[in-house]
Structures are given as C-alpha cells and as structure tokens.
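Please keep the sequence and the coordinates in view while reading.

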Amino acid sequence: MKFRTEISLTPLAEGIDHSAKIFALGSCFAESISERLLRAKFSVTTNPFGVLFNPLSIARAIERLADTRAFAVCDIREGKEGFFSFDAHSSLDGKTQTEIFANLNQAVAQGSKALHDADWVILTFGTAWVYEREGKVVANCHKQPAKEFERRRLSVEEIVERYKTLFDGVLRDKKVVLTVSPVRHLGDGLQENSLSKAILRLAAEQLCEQFDNAHYFPSYEILIDDLRDYRYYADDLAHPSKMAVEYVWERFCEYALTDKARELLPQIEQIVSAAEHRPFNPTSEEHRAFCRKMLAKAEALSEIDFTNEKCIFERYL
C-alpha cells in the first residue's frame, strides 16, 4: 500500500557543484536551506538585509545590491528602541544612526559583491500580501502602528512585470531557482494564505516559462502534497519541522546538485561532525589518532575548504 504521493523531480540539466557561488534571498525557509548548503561546504551568501517575505521587497533588495546603492538618511527611521529601515529586517537595527548605517552599508557592500559574483541565485517567495507605507511596500513593519500601513495583495501580473526587469538585467547571466516557501502565514488567515501561495506559484511558473535561466523547485508542494501531515510541522503549526526541512533538503540535493556534489556529502558531513565532537579526553593518544585520521580525510578532499575543521583537529595534536 502507498501512504504518500511523492513529488516527481526532474534534476537540473546543469547542477550545482562545490565550485559554484550561490546567492539566496527570501523567507526564513531560504535560510534553512542555505544553512544546510553552508554545512555541506558550498559557497553561499544569504539575505544580507535579513529575512524578506514578499516578492517586491526581494526585488528591491536585488536592485539595491545590483547598483551597490548605499542607504541614505531618508531610508532610516527612529523608533522607541533605536533606528531601523523599512527595507531591512530588525536584525540590522542600530541603537544609533552610526550603528545602523554601518550595519546596512556593510550589508550592501558584501551583498553586492556576492550577487555580482554568484553563479546561482535562489529566490524564495513567502507571501503575496504586502504592507505599504506612503505608497511604498515595506519589507518589515518594525512593530510600528498599524494605522501607518495599508495592506494589500499583489497580483501575478505585478510580480511578473517587476521580475522581468531583473531577468533582463542583473539576473540575465545567472541561473535562478525560484521556490515558494511552505511556511504558512496563519496571521493572514488560512484562505488568504492559500490564495497568496497560489499567486506566488503562478508568478514563478510564468517566469520559468518566459526565461530559460529560471527554474522552479517545489518546496511548497513537497510539504503540502507529499508530506501532508501535521507531524511535519513545528509546534506553531506554521513552520516545517526539523524532519520536514531535512526531507526537503534531501529532495533539493536530488534536484539541484551534481552527482559528484551529492557523492561528497556523506564524507563532508563526517568531517564536519567530527570537528564538532567534544572529546572526553582530548589529550589521549586515541583522540590524537582520530584527529590525524580526520585531517587525512580533509586533505584528500582538496577541492573542499576545511580550513576551520583542520584548525580544530590540529589543535589536539
């Protein structure tokens, strides 16, 4: 008997290997996958301006990074606890103007280089609902009074038109993976969340139809139609559980990575896990022999950067 309907995936014709540079923007689900890519020793830069949920804020971030456009005084607001920008997550807030400008413009410098250097760009759309202030979509409301904002829903056409400019510009020479976050935005209401995800899915599909360098990974469908059970959600019933994220990561590897990159994953994980291990007796000959063995394995994988792990093993010798 079958108890699940698994998603059928056609792997990318040209997959991602460890020589590729990856740039990821979008919801917290993008960060979950990026964390696993980093652990697997891929070169990844994720969300320089923090988590971004709606497609227009993601597009605005790409435009700023493409132009290396620094933040100005007009981009900063002062709140009860310090200074913030409606174009960035609260993780970049500052207690002073000097601090927030340093945070934001360092993010611009690093993110701009990462975007321009990237071979692959991963974009994860979270919601089609946006909040506008003075006619401009904000990335984060920063707990400001609700009366300052107007809430509305983006249309498929609005999203596609905005991204056409990007695909004709800075994304033209990049390989782009689009995905819709499986995180449920329960605050929008279940019906509104369902409609929102449908809009995002249609927009992604139209972009993939119009641009050969755009590809769709079905993270949303994997959770909703394949796993399809509340045991695969965290306690908040909105975010995927750790088990679900691991499963989506496995399917992403199947879809996006080259055969060689996938073959290396178990060896890389063994070395990374070994470096994280805290020995009971770090001065024992047994542990020193273990470290020498791990160093030899790291050296054998010369194409992978194990600088941090090697330093840890050498510390015990």
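At 19% relative accessibility, Lys-41 counts as buried, where buried means under 20% relative accessible area, exposed over 50% and partly exposed in between (1.4 Å probe, protein chains only). The model is a predicted one, in which local features need pLDDT of at least 70 and side-chain atom pairs count only at pLDDT 80 or more, whereas totals for chains, interfaces and linings use all residues. Residues are numbered from 1 along each chain as its sequence is written, and side-chain values use heavy atoms, with hydrogens and water left out.

Lys-41 is placed in the loop between helix H1 (28-39) and strand S2 (43-46); helices (H or I, at least four residues) and strands (E, at least two) are DSSP runs, numbered from the N terminus. The phi angle of Lys-41 is near 70°, a positive value in a residue other than glycine. Most residues other than glycine have a negative phi. Leu-237 also has a positive phi, near 60°. This leucine belongs to the loop between helix H6 (219-227) and helix H7 (242-256) and is partly exposed, with a relative accessible area of 38%.

Glu-309 counts as buried because its relative accessibility is 8%.

Five strands form an open sheet in the order S2-S1-S5-S9-S10, with parallel pairing; two strands pair if DSSP finds at least two bridges between them. S2 and strand S10 (214-216) are the edge strands, each pairing on one side only. From one strand to the next, the twist averages 20°, with axes taken as lines fitted to C-alpha atoms (for helices over the stretch in contact) and angles running from 0 to 180 degrees between N-to-C directions.

The individual pairings can be followed across the sheet. S1 and S2 run parallel and are joined by four bridges, with Val-44 in S2 as the bridge partner of Ile-22. Together, S1, H1 and S2 make a right-handed β-α-β unit; a crossover is right-handed if, with the strands pointing away from the viewer, the path from the first strand over the helix to the second runs clockwise. S1 also pairs with S5 in the parallel sense, over five bridges, and here Gly-26 has Thr-124 in S5 as its bridge partner. S1 is mostly covered, since five of its six residues are buried. Further along, strand S9 (residues 175-180) pairs with S10 in the parallel sense over three bridges, and Ala-214 in S10 is the bridge partner of Val-176.

Leaving aside neighbours within four places in sequence, Leu-178 is in contact with residues including Leu-123, Phe-125, Ala-204, Ala-214 and Phe-217.

The cysteines may be considered next. With a disulfide taken as a pair of cysteine sulfur atoms within 2.5 Å, the count comes to zero. For Cys-141, the nearest cysteine sulfur is that of Cys-28, 16 Å away; Cys-141 is partly exposed, with a relative accessible area of 23%. For Cys-253, the nearest cysteine sulfur is again that of Cys-28, at 19 Å, and Cys-253 is buried, with a relative accessible area of 5%.

Leu-190 counts as exposed because its relative accessible area is 51%. Its C-alpha atom is separated by 19 Å from that of Asp-226, 36 residues apart along the chain.

Conventions: Contact means heavy atoms within 4.5 Å.
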